[in-house]
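Keep the viewer open and follow along.

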Amino acid sequence: MKKNESYEEFVKGIWRDNPVFVQVLGMCPMLAVTNSAINAIAMGMASMFVLVGSSFLVSLFRHVIPKQVRISCFIIIIATFVTIADYTLLALVPAVHKELGAFIPLIVANCLILGRQEAFASRYPTRLAVMDALGMAGGFMLALFSLGAVREILGDGALFGFRLFGENFEPWIVMILPPGGFLTLGVILLFFNWFKYKKDEFLADVAEAERSGS
Amino acid sequence: MDNLPWIFVSALLVNNFVLTYFLGLCPFLGVSNSLATSARLGLATTFVMLVTAVCAWVLNTYVLIHAPYLRLICFIVVIASTVQFIEMLIKKLSPALFRAMGIFLPLITTNCAILGLAIFATNRGYGFVEGIVYALGAGIGFTLAMVLLAGLREESELSNIPKLIQGTAMNLIIAGVLSMAFMGFAGLFSSS
């Protein structure tokens with residue numbers, strides 16, 4: 001039972017409540033850094049570290065933090081983790097750090113992270129909070145990667161820097177420029193809407209059939 | 001001081017915060033369903049940006065030289081208190097506007113456009129006047145993008161759009177087209 005519960009919290013973030021595709025949170029870093037798959041992965045890792053770390057701390061201190069100043073406390077905890085992530089990336093992979101630039105400090109303003117602290121980590125025990133954070137961060141990473149991969153393949157004809165097509169490939173430059181981000185995400189959301197619509201239709205059909213059958 | 005107009009136009013059009021840097025998308029997609037609300041939210045954001053630019057300059061010049069690793073925490077605390085102050089001000093002056101903005105007023109705190117402004121201005125080493133001009137350009141650019149999207153969305157309410165595409169998907173595609181239009185401004189400065 002207990003194991004199932006934390007598994008449930010983990011899985012819901014990846015698909016059913018996917019932070020980007022379903023809840024439409026955390027859009028800013030989402031669109032800005034996804035012009036290549038490797039940037040998307042680096043951003044996903046940094047966000048995961050920040051989200052899991054701050055969920056753990058917030059959940060640990062949830063009885064100590066006074067309700068009136070909780071938002072400020074959350075933000076300071078998040079900012080601390082972001083500073084750690086920023087300096088770690090600078091030390092380990094300076095090239096990626098340079099590419100992501102100001103968007104690493106901007107993780108602090110990602111509504112997804114603050115939203116999870118407020119909605120989940122500050123109300124549930126530590127184990128569940130960490131599982132929830134891992135699931136949400138996984139879903140976020142999945143979304144970042146799918147957007148980054150689509151944009152890099154269409155806009156540059158490559159994935160992780162490896163050429164996928166022959167010499168004759170004409171890159172669709174606009175995909176790696178800002179408009180491509182908006183358009184790609186719009187189309188992906190359209191696909192999710194369609195999926196949901198089909199599922200609702202199917203469920204309605206099943207209910208109809210059951211009613212007429214009985 | 002030659003570059004002041006350049007900084008302003010660049011932040012306003014060429015490097016528009018919303019459509020080129022993807023900053024401040026949450027209010028951009030969330031509040032842009034009415035023209036009046038989005039214009040007011042844009043003005044409130046511009047004001048917060050101006051105050052933030054001044055605070056960021058003071059912090060950078062006098063405090064943070066000694067402890068650069070505290071920059072992010074300092075900025076976010078300053079922005080949060082500014083927003084709190086403006087929230088109280090609006091609540092007092094115009095309760096109707098306060099209700100119309102709802103949750104998005106406190107959320108200016110987590111509006112990445114504001115923090116982004118402070119960080120970009122710091123990274124580029126802008127001085128006091130340059131910082132203020134930059135903030136003004138960025139704020140007006142943000143308002144412009146908000147108002148444009150709100151206008152388009154109000155028009156689209158009247159037309160017959162398939163149910164499947166309504167909502168965020170359509171807004172993102174509209175934003176994509178707007179962003180493409182703004183890319184046309186990139187040729188405004190040939191030597192930069």
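Leu136(B) is found in helix H7 of chain B, where helices (H or I, at least four residues) and strands (E, at least two) are DSSP runs numbered from the N terminus. Keep in mind that this is a predicted model, in which local features need pLDDT of at least 70, side-chain atom pairs count only at pLDDT 80 or more, and totals for chains, interfaces and linings use all residues. Residues are numbered from 1 along each chain as its sequence is written, while chains are lettered from A and ligands numbered from 1 in the order in which they are written.

Leaving aside neighbours within four places in sequence, Leu136(B) is in contact with Phe8(B) and Leu50(B); contact here is a matter of C-beta atoms, placed from the backbone, lying within 7 Å. Phe47(B) is 89 residues from Leu136(B) in sequence, yet their C-alpha atoms are 8.4 Å apart in space.

Now for the helix pair. H3 (residues 35-63) and H7 (residues 128-158) of chain B pack at an angle of about 165°, with axes 8 Å apart. The axes are lines fitted to C-alpha atoms, for helices over the stretch in contact, and angles run from 0 to 180 degrees between N-to-C directions. H3(B) and H7(B) are therefore roughly antiparallel, on a scale where angles under 35 degrees count as roughly parallel, over 145 as roughly antiparallel, 65 to 115 as roughly perpendicular and the rest as oblique. The crossing of H3(B) past H7(B) is right-handed; that term applies if the near helix is turned clockwise from the far one by less than a right angle, and left-handed if anticlockwise. The residues of this H3(B)-H7(B) contact split into 21 nonpolar, nine polar and one charged. For those classes, Ala, Val, Leu, Ile, Met, Phe, Trp, Tyr, Cys and Pro count as nonpolar, Asp, Glu, Lys and Arg as charged, and the others, Gly among them, as polar.

H3(B) has another partner in H4(B): the two pack at about 140°, with their axes 10 Å apart. That makes H3(B) and H4(B) oblique to each other, and H3(B) passes H4(B) in a right-handed crossing. Residues on the H3(B) side include Phe47(B), Val51(B) and Cys55(B), while those on the H4(B) side include Phe75(B), Ile79(B) and Ile86(B). By class, the H3(B)-H4(B) contact has 13 nonpolar, two polar and no charged residues.

In the loop between H1 and H2 of chain B sits Phe22(B). Phe22(B) has a positive phi of about 60° although it is not a glycine, and with 27 C-beta neighbours inside 10 Å it counts as buried.

What happens where the two chains meet? The contact takes 31 residues from chain B and 32 from chain A. On chain B's side, H2 (25-30), H4 (71-93), H6 (112-123) and H8 (168-183) each supply at least two residues, and H8(B) gives the most, with nine. That side of chain B has 23 nonpolar, eight polar and no charged residues. Buried residues in H8(B) include Met170(B), Leu172(B) and Phe182(B), and what covers the buried residues of H8(B) includes H8 (178-213) of chain A together with H1 (4-14), H2 and H7 of chain B.

Over in chain A, the secondary structure comes to eight helices and two strands, in the order α-α-α-α-α-α-α-β-β-α. Its C-alpha atoms fill a box of roughly 65 × 60 × 30 Å along the principal axes, and buried residues make up 42% of the 214 residues in chain A. One helix pair to look at is H3 (residues 37-60) with H6 (residues 111-121) of chain A, packed at about 35° with axes 10 Å apart. H3(A) passes H6(A) in a right-handed crossing.

Definitions and conventions:
Contact = placed C-beta atoms within 7 Å. Buried ≥ 20, exposed ≤ 12 C-beta atoms within 10 Å, placed from the backbone.
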